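Subject: Handing over a structure, with notes

Dear colleague,

I am passing on the structure below, together with notes on what was found in it. Please read the notes with the structure open beside them.

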Amino acid sequence: MKHVLQIVILGALDAIAIWVGTSLVVQAHYLMAVLLLIGAAGINYVYLSKRAYPMRYLLPGLIFLFSMVVYPIGYSFYISFTNLSTGHLLNKPQAIEQITGRFYTPSDAPSFSYEAFEDDTGDIALVLYGDDETLLYYQGVLTQIDPSDDRLVDEDGDGKPDRFLSYKVMTLPEIIKGLPTIEGLRIPYDEGTIRLDSLREFKLSSRRYSYNPATDMMRDLQTGTVYPNLEGFYTSDDGDELYPGFKIWMGLKNYLELILNPLVSGPFARVFGWTVIFAGLSVLTTFALGLFLAILLNDPYLKLRRFYRVLVIVPYALPAFISILIWHGLLTNMGLFNHVLLQLFHFSIPWLENAFWAKVSIILVNLWLGYPYMMIVSLGALQSIPGELYEAARVDGATWWQRFSKITLPLLLMPLAPLLIGSFAFNFNNFTLIWLLTEGGPPINARTVAQSTDILLSYAYRLAFQGARGNQFALAAAVSVVIFFIVATISAINFRLTGALEDLSKNV
Amino acid sequence: MKRTVVLIVALLMVTSLFLTVSASEAGKLVIWADETRAPILQEVGTAFQDTYGVPVEVQEIGFGDIRGQLATAAPAGEGPDIIIGAHDWLGELIQNGLIEPIVLPEAVKKEFDPVAIDAFSWGGQLYGLPYATECVALIYNKDLVPEVPATFEDLLTTAKGLTDQEAGEYGFLIQEPDPFHTFALFSAGGGYIFGNNPDGTLNPCDIGLDNAGAIAGATLLDQMVKDGIEVAGADYGMVTGLFNTGKLAMMIGGPWTLPDAQKGGINYGVAPIPAINGNAPKVFVGVQGFMVSAFSENKVLANLFIKDFLVNNDVMMKLYTAGGRPPAYLPTLQQVSGNADIQGFAASAANGYPMPKIPEMGSVWSAWSDALQLIVSQQAEPATVMGDAVGQIKALLKCE
């Protein structure tokens, strides 16, 4: 039974891999397709071979680690070395294809109504009727043709040919089916090109730009203006840019911008400072309240203990997304809190409008969101402290505070330290809270992009999407990479410290 | 082992039968539209399919997400043929190479509001078929304010008389105040966003948000706060909530606020914002329309769909009924011109200013709204803060 299930799942997985692989090949993403197939083969090997048995348990985790952590980090690294931003979204071949694919059709350009003919093999021939000439496009060659040419056969006598040699005339639905071919036709004629302009008409147009790969320049065929490649835009000497631009390699330019552009680097230290304070205070306050409640609820003499425990966990059960928005509603200038304050005491507090109070609001709301987690883990850890220690302390005449600070806290910190570090790292990047509660605001002043409660991540978001012109993905990726290194360093130091703590406990 | 392999192969073949290769394909139109317009377009699509035998698939995507998703999907060959969108996306979409001009005969163009056609034009070419224009206007509760104030100064006097913050009653509120809703104050005295180059295009380095007229507007907003009329933190939900329960007499709002006001049973009216200091204020005009993806493999079909199946009174009327915005198609606009709301918004739009469609606008929105927030929370002097904002925009755009 177990075996059958395994095969069914593996079979389904392979089917999906082949399906995705085929569409990747269809879209010419060959590298991705090859990687996918190698991956799929690897999975099959692991789950069918006895020798790779231990890998069966590691592989799912490794796959997720790669696709959710390693790949995004690698991709951010890559982006941060390019100029990916508004105007530079496509790759160079795509941009060149678009620009050189542009046609110029004067409003008085000759137009041709047409009839299309198709043979059994799907080859298409065209008869183009201009104002004073009739043209035949057959097997890649354009020639003049007399409408009374005997290759054109009018079978039903309506004055329009129904056959050309063995080619049968196409009806409208057939033409629409054949549009991908017909639309793609570029028939040289005179100086220009005849191409499909609308469903019922061909028009004589001329190419607008030509590309010279040797010099990497675009040339306007009408005016003769040349557009050399200037940092991802083909730009004329007058500063005229041809759209679209394309993605190019920028090296360290984005990182230099972070350091050298005062508009970006100026607020960086300030934002970094608040990020650390915010994450630190969040851990401290939630842990303090959580621990306090845990000790309270751990007291066997407390009545209705279970009821309180359930009640206190409620904030944890509500999705943060919803409760933050509710808090935002309560805290706005015209919200419930100020309404009550105004009614009772005739004053109000600028919870979200003033930089200091906005920071207080953020810490308070995060306390509400975070303490139940700290309480749960503390409750668990409290159970594991042996009661004899407290009895012994009591016999020795230790006060409540001494018992707490000498027994409870040290013994609790041992198992909880990694969780506190995790909480710090989580809050360091707690974009959801900041963005939903204050959007980083209020503004510091109108001179800088950063706002007073921005953490590094929301600052990166601001740079990316509210920056100079459109979206600055590359610059934001550079900030993300910097954040990655900061968090990695903090984590490494913290783990080193907790490692030291563990060594200490071994010696006790 | 051998049996296993046979089994896997068999399963593979069966499963593959149910999965078809999906990629952006020729001979099928894919349209991205928001939830309000998607059902209407699906109907039109069915008619198109009946005529030409080409299937039309309408995919529902939130209006605000269409622009971003197009940027990722289209170059990867996963994008649509036609999208719905706003005219102020144009600059970004064109610079990113995501949309192509549409082909529309001159005679057909003349059937549309020239402002809307102009809004969707770039470099002398038309990039979208407009279907609706929208702008803000003064929306007032007729039970509290029977007559539209003749001047903005009268409006403020009336508003002051109706405001009692402790009782939760307000006379006049501007949302957030954000740039979009506040532009009228700035434009009345001659404030502007971008000046024009000699060739008629916008010059992003000529910013008129700190000239005398703009500062007069910022000072007026500051005074409104000092007089206790405008308050900080008046967001969309708050302002419309107050209006819909009869606790706010007047607001600056767009057509999107009306359905809820109707549900609240408010006896409201729509009028242009009264003259400020004798000058008629300009409001931002936004235009919505259909655009063709540059990565479409069915450009001729897409243009055919737009020209022959969307440009008619029937479809335009349905789009109007669903969205409630003044139609950009003149025959339809004519037909609904008896509607008092439409008259109010049309009068407001008559003195409108199409939102700038160059991507540089991003920096303007953020710096300007920072300045407005600082004014409303009384943390900065209007003249200083507007100067700071313009300085920031110029620095961001590397103007100096």
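Two residues are said to be in contact if their C-beta atoms, placed from the backbone, lie within 7 Å. Axes are lines fitted to C-alpha atoms, for helices over the stretch in contact, and angles run from 0 to 180 degrees between N-to-C directions.

As for the source, this is a predicted model, in which local features need pLDDT of at least 70 and side-chain atom pairs count only at pLDDT 80 or more, while totals for chains, interfaces and linings use all residues. Residues are numbered from 1 along each chain as its sequence is written, and chains are lettered from A and ligands numbered from 1 in the order in which they are written.

**A sheet in chain A**

Chain A holds an open sheet of 5 strands in the order S12-S13-S14-S15-S16, with antiparallel pairing, where two strands pair if DSSP finds at least two bridges between them. At the edges stand strand S12 (209-212) and strand S16 (241-242) of chain A, each of which pairs on one side only. Strand S15 (residues 233-235) of chain A runs antiparallel to S16(A) and is joined to it by 2 bridges, and Thr235(A) is found opposite Glu241(A) in S16(A). Across S12, strand S13 (217-220), S15 and S16 of chain A lies helix H4 (residues 92-100) of chain A, which runs at about 145° to S12(A).

**Domains**

The domain bounds come from an automatic or database domain assignment. In chain A they give domain 1 (2-76), domain 2 (92-97 + 210-242), domain 3 (103-207) and domain 4 (269-451), and the C-alpha centres of domain 2 of chain A and domain 4 of chain A are 58 Å apart.

Chain B is divided into domain 1 (27-134 + 285-354) and domain 2 (137-283 + 358-396), whose centres, taken over C-alpha atoms, are separated by 29 Å. Their contact takes 17 residues from domain 1 of chain B and 17 residues from domain 2 of chain B. On the side of domain 1 of chain B that touches domain 2 of chain B, helix H4 (90-95), helix H15 (340-350) and strand S15 (352-354) of chain B each supply at least two residues, and H15(B) gives the most, with 6 residues.

**Where the chains meet**

How many residues does the contact take from chain A and from chain B? It takes 56 residues from chain A and 61 residues from chain B. Several elements of chain A supply at least two residues each to the side that touches chain B, among them H4, helix H5 (172-184) and strand S10 (192-198), while the largest share, 12 residues, comes from H1(A). By class, this side of chain A has 29 nonpolar, 21 polar and 6 charged residues, where Ala, Val, Leu, Ile, Met, Phe, Trp, Tyr, Cys and Pro count as nonpolar, Asp, Glu, Lys and Arg as charged, and the others, Gly among them, as polar.

**Chain B as a whole**

The secondary structure of chain B comes to 17 helices and 15 strands, and its C-alpha trace spans about 85 × 55 × 50 Å along its principal axes. Of the 400 residues in chain B, 53% are buried; a residue is buried if 20 or more other C-beta atoms lie within 10 Å of its own, exposed if 12 or fewer, and partly exposed in between, with C-beta atoms placed from the backbone.

**Backbone details**

Most residues other than glycine have a negative phi, and most peptide bonds are trans. The peptide bond from Tyr243(A) to Pro244(A), however, is cis, with omega near -5°, and Pro244(A) lies in the loop between S16 and helix H6 (253-260) of chain A. A cis peptide bond also joins Gly441(A) and Pro442(A), with omega about 0°.

Asp216(A), in the loop between S12 and S13 of chain A, has a positive phi near 55°; Asp216(A) counts as partly exposed because 13 other C-beta atoms lie within 10 Å. Asn277(B), which is not a glycine, has a positive phi of about 55°, and its place is in the loop between strand S13 (268-271) and strand S14 (283-293) of chain B.

With best wishes

How values were computed:
Helices (H or I, at least four residues) and strands (E, at least two) are DSSP runs, numbered from the N terminus.
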